[in-house]
Amino acid sequence: MFISRRQFVLSAAAIGAMPSLGSGAGAETTARTVSGEKPVFVSTWPFGKAANEKALQVLADGGSLLDAVEQGIWVTESDAENRSVGLSGFPDAAGVVQLDACIMFGPGHKAGSVAAVEGIRHPISVARRVMEKTPHVMLAGDGARQFAIEEGLESVEINSREMHQSWWKKRAEKNRETEEPQRPKDIRENHDTIALLALGLDGSLAGGCSTSGWGGKIPGRVGDSPIIGSGLYVDNEIGAAGATGLGENVMRYCGSFLVVEYMRQGLHPEEACAETIRRIARLDPKGFDLSINFIALDKQGRFGAAGTGQGFEFSVTSTTTSRVLRSPGLSDTSVGPVGGNTK
Ligand code: SD4
């Protein structure tokens, strides 16, 4: 469905009154009723719905597609209840929250990313600044924090160098032969990254991804989320994809890039996500026991998702609806094609 800029602004005025469907257990399993509409926002997990709705509002208020992605993700990064995105996320093993984020803009194939940054309120904004204001794609650690502070981005006081040093010291003091190494907790209990994909009125694509990563991770661990092609990929000719779940199982396979490549071969976004998982599961010794999930959005406004196990919930927002959907799940017993409308 094509709508003009004027129709969009008028219909976006009704965002507040828009049906707000689905969340948690009540999520719909199939529904592509907004398929083909522009603009459209697709994001991971039920909390992505609020981010999508903010993104739509930003666009309706005259913001750019990148403003929409960035400010949509701010909603999740600012959510004090969210234990896996932003400064309220679970800390690493030394007790410090290290954040990862990236952003891509389809026109011009632009990308920016930040990894293991500490004490910065909105890592997505650091990623955007890296993309727009430096010749680089990725900044990490202290350098990323200093850059964010120079850019005037909101920071909080941290004391992480001392915390990390004392953690590594304690670890070194342990008798390595007799003591079990400290291992990060199972991510299944504490994961939930936001990846947000956007298709603008003019057919441009953009996306962003932000996370505090694996709770209890070894200090310095970086997951898939800030890695272009793993946690996020945007190709303005084809579509965009994003990932959530156990990053180690995504980044060894360039998961989001693969999803976009399957869309390039003609697969519907949902099937592209599922085929990516099947391909990873074929190669990986763990088979489908991977805890990974993908969302995808193509240039035509078609979208979809797939996850391992029971699948996962994702959010879709257009000017006519905003809803939480449940993706198909893939496991050893479901290796065939996923069903569904591939219009
Ligand atoms: C990571 N992929 O750091 C992120 C975490 C995540 O749902 O997505 N959790 O591995």
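**Entry 1: the model.** I began by checking what kind of structure I had, and it is a predicted model.

**Entry 2: around the ligand.** Which residues come nearest to the ligand? I found 13 residues around it, and Thr193, Arg221, Asp224, Thr244 and Gly245 are the ones that come nearest. I then sorted the shell by residue type and got 1 nonpolar, 9 polar and 3 charged residues.

Entry 3: The side chain of Thr193 has an N or O atom 2.5 Å from an oxygen atom of the ligand. For Thr244, the distance from a side-chain N or O atom to a ligand oxygen is 2.6 Å. Arg221 places a polar side-chain atom 2.7 Å from an oxygen atom of the ligand. How much of the ligand's accessible area does the protein cover? On its own the ligand has 290 Å², and the protein covers 100% of that.

**Entry 4: the sheet.** Next I traced an open sheet of 5 strands, and I read its order as β8-β9-β10-β11-β14, with mixed pairing. Which strands stand at the edges? They are β8 (232-235) and β14 (329-330); each has a single partner strand, so one side of each is left without a neighbour in the sheet. A reminder to myself: strands of a sheet pair through backbone hydrogen bonds, in either a parallel or an antiparallel sense. Looking at β14 again, I saw that its pairing with β11 (residues 303-308) is parallel and runs over 2 bridges. In that pairing, Gly307 has Gly329 of β14 as its bridge partner.

**Entry 5: helices on the sheet.** I followed helix α8 (residues 255-264) and found it packed on the sheet, where it touches β8, β9 (239-245) and β10 (292-298). The direction of α8 makes about 145° with that of β9. Helix α9 (residues 269-283) lies across β10, β11 and β14. Against β11, helix α9 runs at about 25°.

**Entry 6: two backbone details.** Where is the cis peptide bond that I noted? It joins Lys38 and Pro39, with omega at about -5°. I placed Pro39 in the loop between β1 (20-21) and β2 (40-44). My other stop was Trp45, a residue other than glycine with a positive phi, near 70°. Trp45 sits in the loop between β2 and α2 (48-60).

Note on methods. Residues numbered from 1 in each chain as written. Predicted model: local features only at pLDDT ≥ 70, side-chain atom pairs only at ≥ 80, totals over all residues. Heavy atoms only, no water. Near = heavy atom within 4 Å. Polar contact = N/O pair within 3.5 Å; in protein donor to acceptor, adjacent residues only side chain to side chain. Areas by Shrake-Rupley, 256 points an atom, 1.4 Å probe, with all protein chains shown as cover. Nonpolar A, V, L, I, M, F, W, Y, C, P; charged D, E, K, R; others polar. Pairing = 2+ DSSP bridges. Helix = DSSP H or I, 4+ residues; strand = E, 2+ residues; numbered from the N terminus. Contact = heavy atoms within 4.5 Å. Axes fitted to C-alpha atoms, helices over the stretch in contact; angles between N-to-C directions.
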